[in-house]
Amino acid sequence: MITPEGYLTFGRFLLTIGPSAMVLLMLIQGIKDHRPDIVDAGNRVFSTPITSLRDRYDFIIIGGGSAGCTLAARLSEVPHWNILLLEAGGDEPLLADIPMLYPVLQRSPWDWKYWAEHSPRYCLAMVNQQCYWPRAKVLGGCSSINAMMFIRGNRRDYDHWAELGNVGWNYDNILHYFRKLEDMRVPGFENDPYHGHGGPISVENYRSPSPLLDVFMETVKERNLLNPYQDFNGRSQTGFAIPHGSLRNGLRCSANKGYIRPVWRRPNLDIILNAYVEKIIIDPRINEARGVLFELLGVKHKAIASKEVILSAGAIASPQLLMVSGVGPKSQLNKFNIPVLKHLPGVGGNLQDHISTTGATYAIRNYETGQHLSYIVPEMMNVDSVDRFIHKEDSFFYAMPMSEVMGFWSSKYQDPKVDWPDVQFFLGSVSYGSDGGMIGRRGSAVTFSNFADTVEPVLYKDSFVITPLVMRPRSRGWIELDSDSVRVYPKIHANYYDDPLDMAIMVDALKFGHELTQSPSLRRVNATLNIYVWRNCPEVEYLSDAFWECLARYYSQTIYHPVGTCKMGPNTDRDAVVDPRLRVYGIKRLRVIDASIMPTITTGNTNIPTIMIAERGADMIKEDWLKSRSAY
């Protein structure tokens, strides 16, 4: 039931959406007419004609995401190898280049539009009390629709992988691949031993920050919380800093832009876009991968691999494809009469994600000048912003207000001395109320009734949000087949907060975030929590642990980091799906190389670790198949 406030909110929303849509149309036309660097007509990828499909390929890569693009570029460096890359989506849209507009790509044609299964423990403010899980359906994968945060993870994440029996995955061994993929362009890091130069993924600062960024930085200085190196990817991860982004000249630098566009015309690389892989062909007599079946424009095709099939479809689709192809838990396969070629109980299990809480919105007021400190999106969506973006390479469209300042912090459950924080913070200069529900509410799937009931007091008001993420959740979810066809989405059991310690960490983090607002810099702008979120649980004491837990259960949101569902591990681990060289146990000539192989989730955004995995996987493949050959 919509309250009177709800009708007011809805009216405001309608008055906003029309003008904003017109600005987006102007922006697109302006890009076509005046920004050849974004149009990039000479380098855009065209699909190989299906009539030119070769009789066989050395390697077939399933999925043109962050890992698949990396693999296609690196494997095609060997001139006598023929590579086929199959991607279910098309090339990136023009708007993908624009940092500010990344949420627009969620729930769009470039998104698979997954929903996690209902739970009474989380996402209670969302449609049908289900978490919405965006996953990219586009060349470049999630590097083409994400927020471009360039975070490697913590040294101890990878040392822990090695301790679990994954030989060679310790930090000192994989640092080379992080440097290899990177082109660090931020001033001051020219000679830093932790960073690389000249790699495919360029790294820059986000442009056009809001005035609130300076307030945030003053706040963390007042609390002595600064990262001493202003770098989460170097000597120490702990502390707060301005994050670096996967950016080139202020625009998105996706795996497609960095790896594929420079090489896609190589004569030994074929790329089929809009190709929907339906099954991995496995010879049941010898349990060996032979190729794939895929559909293109309603017609089914077969592609044969003479060396390997490489599965890089991500943490949801990779386990699903394994299972429909006969590799996985026999209980799931038997349910749909799928012949069990290899019983691997770990396929689809070990699902991990960084759960966040997005409801802690704080209203502010600039008493010094009266001007806004944060971004009010409808006010910024104007002709002047478009003109500055098109002609001056400046403006609000270059910004990343979701996390203008980032922090890694140790809760009371984590020893701060080991520099392995268990919480990540986003200090953002936008909130659910900043855009009237056009983007943020829609992307997170908050119901309109809840939005109207709780956000109306801060709608189009100067405000910010403090978003904590639990970095190393103890809870584990799983992917469950719902059909023997990949056309039917699997069931996603996120299983957030199954372990009560995860909620305890989140509550501690929310309380700490609130403490930050009591610091002098934020007190000067009268940072005040939007009390209307209390309406979700009016029976609890305001600002008590129960209040913060209520906030966490209502405004739960994925930060788009699902991993772990094809776990890497030694052969002594019954739940391992791939060995430390990423080969599927029990199936010859089949590897999984993407975020699904992570045994445990990394501390921070997962896109750059996924590219690192693909870089290392490509070298493993070269080592295995070029042993007896001279340098290529």
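**Disulfides and cavities**

At 10% relative accessibility, Cys-537 counts as buried, where buried means under 20% relative accessible area, exposed over 50% and partly exposed in between, with a 1.4 Å probe and protein chains only. The structure is a predicted model, in which local features need pLDDT of at least 70 and side-chain atom pairs count only at pLDDT 80 or more, whereas totals for chains, interfaces and linings use all residues. Residues are numbered from 1 along each chain as its sequence is written, and side-chain values use heavy atoms, with hydrogens and water left out.

Cys-537 is joined to Cys-550 by a disulfide with an S to S distance of 2.0 Å, a disulfide being a pair of cysteine sulfur atoms within 2.5 Å. Cys-537 lies in the loop between β23 (528–529) and α16 (545–554), and Cys-550 in helix α16, so the pair ties together parts that are 13 residues apart in sequence; helices (H or I, at least four residues) and strands (E, at least two) are DSSP runs, numbered from the N terminus. The link is right-handed, with 90 degrees about the S-S bond, and Cys-550 is also buried, its relative accessible area being 9%.

By this rule there are two disulfides, and the other one is formed by Cys-123 and Cys-131, whose sulfur atoms are 2.0 Å apart. The link of Cys-123 and Cys-131 is right-handed, with 105 degrees about the S-S bond. Cys-123 is buried at 1% relative accessibility, as is Cys-131 at 2%.

Eight cavities of 30 Å³ or more are present in the structure. A cavity is a set of points, on a 1 Å grid over the protein atoms alone, where a 1.4 Å probe fits but cannot get out, and its lining residues have an atom within 4 Å of a point; grid points are joined across faces, edges and corners, and a volume is the space filled by probe spheres set on the points. The largest cavity has a volume of about 830 Å³. Its lining comprises 50 residues, of which Arg-135, Ala-136, Cys-142, Ala-313 and Gly-314 are the closest to its centre. Helix α8 gives the most to this lining, with six residues. By class, the lining of the largest cavity has 31 nonpolar, 15 polar and four charged residues, where Ala, Val, Leu, Ile, Met, Phe, Trp, Tyr, Cys and Pro count as nonpolar, Asp, Glu, Lys and Arg as charged, and the others, Gly among them, as polar.

How values were computed. On a 1 Å grid over the protein atoms alone, a cavity is a set of points where a 1.4 Å probe fits but cannot get out, and a pocket is an open set with protein on both sides within 12 Å along at least five of seven lines; lining residues have an atom within 4 Å of a point.
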